[in-house]
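Visitor: Please show me the chain. I would like to go through its fold, its confidence and a few of its residues.

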Amino acid sequence: MRGVNRVMLIGNLGKDPEIQCLEKNISVAKFPLATTETHKDKNGRLISQTEWHIIVLWRGLAELAQKYLHKGSLIYVEGRLRTRSWEDRDGNKKFATEIVADNLIMLDKRNDSGGSFTSSLPQDTEGLEDFNANDGPPADDEPTGTLPF
């Protein structure tokens with residue numbers, strides 16, 4: 001039986017996309033995405049929980065991100081989970097789980113005043129400081145170059 005590795009998220013960018021151009025003009029973008037779920041506790045109070053995900057876009061999607069996405073943009077992203085491991089400079093084993101996206105839809109609403117997009121970043125930014133663009137080795141999806149973030 002074949003497995004299924006699909007992820008669908010709607011959330012806000014925690015930072016502007018970081019874009020890199022590799023060999024043969026292959027573009028790659030990486031950014032954190034916040035998804036927030038809200039539920040009521042047993043006393044009826046609203047409780048929000050924000051999760052942070054690392055999104056990786058290749059080629060045309062990376063160029064789209066560079067052109068149109070910014071911190072706070074609301075997007076729908078679909079892709080697959082990829083977990084990779086490496087040893088840091090001190091010999092400690094590190095792990096990263098990322099969503100390699102193959103579909104992206106911008107969900108921001110246009111302003112009436114000129115076509116720009118509006119969005120809002122979730123108030124809960126706990127965990128965003130853990131996103132470090134220089135943490136870890138290059139992605140292994142593309143053998144044609146190295147990914148410095």
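Guide: Helices (H or I, at least four residues) and strands (E, at least two) are DSSP runs, numbered from the N terminus. This is a predicted model, in which local features need pLDDT of at least 70 and side-chain atom pairs count only at pLDDT 80 or more, while totals for chains, interfaces and linings use all residues. Residues are numbered from 1 along each chain as its sequence is written, and side-chain values use heavy atoms, with hydrogens and water left out.

Visitor: How many helices and strands does the chain have, and in what order do the elements run?
Guide: The chain has 1 helix and 8 strands. Read from the N terminus on, the order is β-β-β-β-α-β-β-β-β.

Visitor: How many contacts does the model have for residues 127–149 beyond four places in sequence?
Guide: Contact means heavy atoms within 4.5 Å. Over this stretch pLDDT stays under 50. Where pLDDT is low, the predicted coordinates should not be read in detail. With that caution, the number in the model for residues 127–149 is 50.

Visitor: Is Ile75 buried or exposed?
Guide: Buried means under 20% relative accessible area, exposed over 50%, and partly exposed in between (1.4 Å probe, protein chains only). Ile75 lies in strand 5 (residues 74–87). Its relative accessible area is 0%, so Ile75 is buried.

Visitor: Why does Ile10 count as exposed?
Guide: Ile10 counts as exposed because its relative accessibility is 52%.

Visitor: What share of the 149 residues in the chain is buried?
Guide: Ile75, at 0% relative accessible area, is one of the buried residues. Over the 149 residues of the chain, the buried share is 38%.

Note on methods
pLDDT = per-residue confidence, 0-100.
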